[in-house]
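Follow the stops below in order.

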Amino acid sequence: MPVVTYTLLRLALFAVATAGIWWAGMHSWLAPVAGLVIGWLLSYVLLGRQRERAAAYVQARSEKRADRAPTHTEQDAELEDAIDEAARRDAESG
């Protein structure tokens with residue numbers, strides 16, 4: 001599962017960053033906070049492919065669900081399409 005892989009890689013980056021900061025001499029509560037920020041930045045730069053795979057996996061699973069209710073975006077798109085169709089029919093009929 002790409003989501004689990006991505007999550008584990010992000011946690012590993014956080015752990016490595018925090019351990020590196022701790023090893024460098026920052027022995028306070030700020031070490032995990034700094035490790036969190038550094039891990040986030042590293043994951044943004046290094047894990048783009050894994051992030052895209054995880055997002056595609058989540059999207060595919062959500063689209064597979066037949067019983068799901070339409071989202072607000074989908075409802076808005078359907079309403080806009082209906083308004084556009086009505087305006088086109090009115091323009092054609094003159």
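Start with salt bridges: the count here is one. The model is predicted, so keep that in mind at each stop.

**Stop 1: the charged pair.** Select Arg88 and Asp84. These two form the salt bridge, with 3.2 Å between the closest N and O atoms. A pair counts when a Lys or Arg side-chain nitrogen is within 4 Å of an Asp or Glu carboxyl oxygen. Now show helix α4, residues 72-93. Both partners sit in α4, four residues apart, about one turn of the helix. Is Asp84 buried or exposed, or in between? Asp84 counts as partly exposed, because its relative accessibility is 34%.

**Stop 2: two helices.** Select α1, residues 2-23, then α2, residues 30-46. Two packed helices are described by the angle and the distance between their axes. At what angle do the axes of α1 and α2 cross? Roughly 135 degrees, and the axes come within 8 Å. That angle makes α1 oblique to α2, since only angles over 145 degrees count as roughly antiparallel. The crossing of α1 and α2 is right-handed.

Stop 3: Val33 counts as partly exposed because its relative accessibility is 41%.

Key: Residues numbered from 1 in each chain as written. Predicted model: local features only at pLDDT ≥ 70, side-chain atom pairs only at ≥ 80, totals over all residues. Heavy atoms only, no water. Buried < 20%, exposed > 50% of the residue type's maximum accessible area, 1.4 Å probe, protein only. Axes fitted to C-alpha atoms, helices over the stretch in contact; angles between N-to-C directions. Parallel < 35°, antiparallel > 145°, perpendicular 65-115°, else oblique. Left-handed = near helix turned anticlockwise from the far one by under 90°.
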